[in-house]
Each structure stands twice: as structure tokens, then as C-alpha cells.
Amino acid sequence: MSLQEKIDHSIALIRKAEKLALTMQPNDGFHVGFSGGKDSQAVLELVKMAGVKYRAVYNVTTNDPADNVRFIKHHYPDVEFSIPEKSYFQLIAQKGVPTMFNRWCCALFKETAGVGYVVLTGVRKEESRKRAAYEEVGKWSRSKDKKESVDLDKMEANEFRCVGGKDKFMVYPILEWTEKDVWDFIALRGLPVNPCYKTHKRVGCVFCPFARPKEIRAYCETHPQLKAAFIHAIELYRERERDRQKLPTAEDDFDWWLSRISLDEYIAKKRQLKLDFEHE
């Protein structure tokens, strides 16, 4: 399928889903999740090309690079900023660092956004094995923490009677697009390129538990103030949980978090390194 065919398909999907979006939110239409990254740029541009009703929202996580925030404010002034009650770092001081198995940050900053709406977001199958299994339209259930496939034609035939006030439907207009497709589309439409891509491969939460450690370290080099805030938050958490600490310092906790291994394995490796050093 050519890029133009993918563009046409994406626009057709957005227009088809608008009936559901307007049923749920007659005044707002779609909720467009916008991060400042290339994929969300592509989705927002497709939405504009489709001529549908929408509100674009940037969920502030407080651990995004300042360059990204400035980019959004300058180039996308119509995007709303959703400010959380507590910052990412304040929550670390209370809950500890988020991990792949305890991703409270995603639950608080991302997954609850757009409840009661049809949400458009820039998820692509190419990004991960989990996303490769996604369908273009799904219903997200907070209680089940999962997405269920949805047939828009059947819902329309039933006049959307099954839609509830707390439902959240997800539509992925660029699900089948490749990264090259996205960059080609941005060039084709003359869209601005986020300056973060000049030095990094991804845009978004710096301390994402799913991000590659190499990428996080790169951001720590270019944004030392964010690393300092992260470690300070760990220090505050350690003060709250003194009896549960297994590592000597907050810096050790940070290194363990970046290692992506279990705490017991990390401690064992540190102990072995110490023994090797003592015997040199």
C-alpha cells in the first residue's frame, strides 16, 4: 500500500468514527492525544485533513524535556495542556519509582485521559509486539485494564445504544504505518520537526519504565536537571521507607532502576563486582 493510500484510509477511518465521537461528545467530538512526537503530529494533521470536530490535549507528565513543551506551545497553540494534580516527582516520593510491572505513571498520566471520548492516538504496530496485535478501533476498560475490539458498523446499526458515559474508545489511524511513512508524511505536509529528534530517537517521558536505558542516559546528559529531580524524589521516598531500603544510596536506586533487572540480581552483581575488585 502506498503512502497516499494509507493517508486516504486513515482519513476515511477518522470520518467513519466521528459519528461515535459526536454521540459521546456532541460539543467536542474526538479527543486527540498529542505528545509533540512525530506520530501524534501525523494523527493531528490527518484529523485536520478529515475536517472533523476535535479537541487536542497534551497530558503534562512533568518529566518531558523542556524543548518538547516549548515546541508544542510554539507550533501547536491550539493544543490544550492537561496539568496533573501532582508532578511525576512528587508521586515518586510517595509511591517509589515506576517499573514495567508497576507502571502507575501510565495509569495516572495516560490511561485515564479521554474517558467518555473517542480517543485518537498515534499507536503503530511496528512499535512493539503488543501493539502489533491491536485493532484499529477498540474499547478500553479501566476495570479490566485492556482493550476490546469494536465493530463501528454494528454499533452504528444499533444507534450506539451500548455507549456509556464512562466508556473510552480508542482509534488508531496510523496503526499500519511505518516510521518511514510518518517522516515522509511530515515532509509531504511541511510540518515542523521537533528539535528533540536532533539528539534523541524518541519524544516523551524521559523516565519512562519502557524506554531503553541508553535513551534515558542520553536524556540525562542533555537534561541534567531532570535527573537531579528524579534522584531527589528517590531520596524523599527513601526517607519515608527507611526500613525497606536495600541499597545504600538514591544513586544506587537510580542505577538499579536503569538496569532493568530484579533488585536481588542487581545486589548480587554489585556484590560480585566488589569481590572482584578486592581480589585484583
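Predicted model: local features only at pLDDT ≥ 70, side-chain atom pairs only at ≥ 80, totals over all residues.
Which residue's side chain meets that of Arg-124 in a salt bridge?

1. The partner of Arg-124 is Asp-39, and the two side chains come to 3.0 Å, taken from N to O, in their salt bridge. The pair links distant parts of the chain, since Arg-124 sits in the loop between β4 (118-120) and α6 (129-132) while Asp-39 belongs to helix α2 (residues 38-50), 85 residues apart. Arg-124 counts as buried, at 3% relative accessibility, and Asp-39 is buried as well, with a relative accessible area of 10%. Because buried means under 20% relative accessible area, the value of 3% places Arg-124 in that class, as the value of 10% does for Asp-39.

2. A second salt bridge is formed by Asp-181 and Lys-6, whose closest N and O atoms are 2.5 Å apart. Asp-181 lies in helix α8 and Lys-6 in helix α1, so this pair ties together parts that are 175 residues apart in sequence. Asp-181 is buried, with a relative accessible area of 10%, and Lys-6 is buried with a relative accessible area of 12%.

3. On the α1 side the contact involves Leu-3, Lys-6 and Ile-7, which meet Asp-181, Asp-184, Phe-185 and Leu-188 in α8. Sorted by class, the contact of α1 with α8 has four nonpolar residues, three charged ones and no polar ones.

4. Lys-180 counts as exposed at 58% relative accessibility, whereas Asp-184 counts as partly exposed at 32%. Returning to the pair of the opening question, salt bridges that share partners join Asp-39, Arg-124 and Glu-126 into one network. In total, the structure holds 13 salt bridges.

5. Aromatic rings deserve a separate look, and the structure holds 16 aromatic pairs. One of them is formed by Tyr-58 and Phe-81, an edge-to-face pair with 4.9 Å from centre to centre and 75° between the planes. This pair links distant parts of the chain, with Tyr-58 in strand β2 (residues 54-59) and Phe-81 in strand β3 (residues 80-82), 23 residues apart. Tyr-58 is buried, with a relative accessible area of 2%, whereas Phe-81 is partly exposed, with a relative accessible area of 28%.

6. Another aromatic pair, that of Tyr-88 and Phe-109, is tilted, with 6.5 Å from centre to centre and 40° between the planes. Tyr-88 lies in helix α4 (residues 88-95) and Phe-109 in helix α5 (residues 104-111), so that the pair links parts of the chain 21 residues apart. Both Tyr-88 and Phe-109 are buried. These two residues belong to a cluster linked by ring pairs, whose members are Tyr-88, Phe-89, Trp-104, Phe-109, Phe-207, Phe-230, Phe-254 and Trp-257.

7. His-223 is placed in the loop between α9 (213-222) and α10 (224-240), and at 8% relative accessibility His-223 counts as buried. Leaving aside neighbours within four places in sequence, His-223 is in contact with Pro-65, Ala-66 and Asp-67.

8. Most residues other than glycine have a negative phi. Thr-62, although not a glycine, has a positive phi of about 70°; Thr-62 lies in the loop between β2 and α3 (66-75) and counts as partly exposed, at 30% relative accessibility. Arg-260, also not a glycine, has a positive phi of about 60°; the place of Arg-260 is in the loop between α11 (250-259) and α12 (263-278), and at 27% relative accessibility Arg-260 counts as partly exposed.

Key
Residues numbered from 1 in each chain as written. Heavy atoms only, no water. Contact = heavy atoms within 4.5 Å. Helix = DSSP H or I, 4+ residues; strand = E, 2+ residues; numbered from the N terminus. Nonpolar A, V, L, I, M, F, W, Y, C, P; charged D, E, K, R; others polar. Salt bridge = Lys/Arg side-chain N within 4 Å of Asp/Glu carboxyl O. Buried < 20%, exposed > 50% of the residue type's maximum accessible area, 1.4 Å probe, protein only. Phe/Tyr/Trp six-rings, centres within 6.5 Å; stacked < 30°, edge-to-face > 60°.
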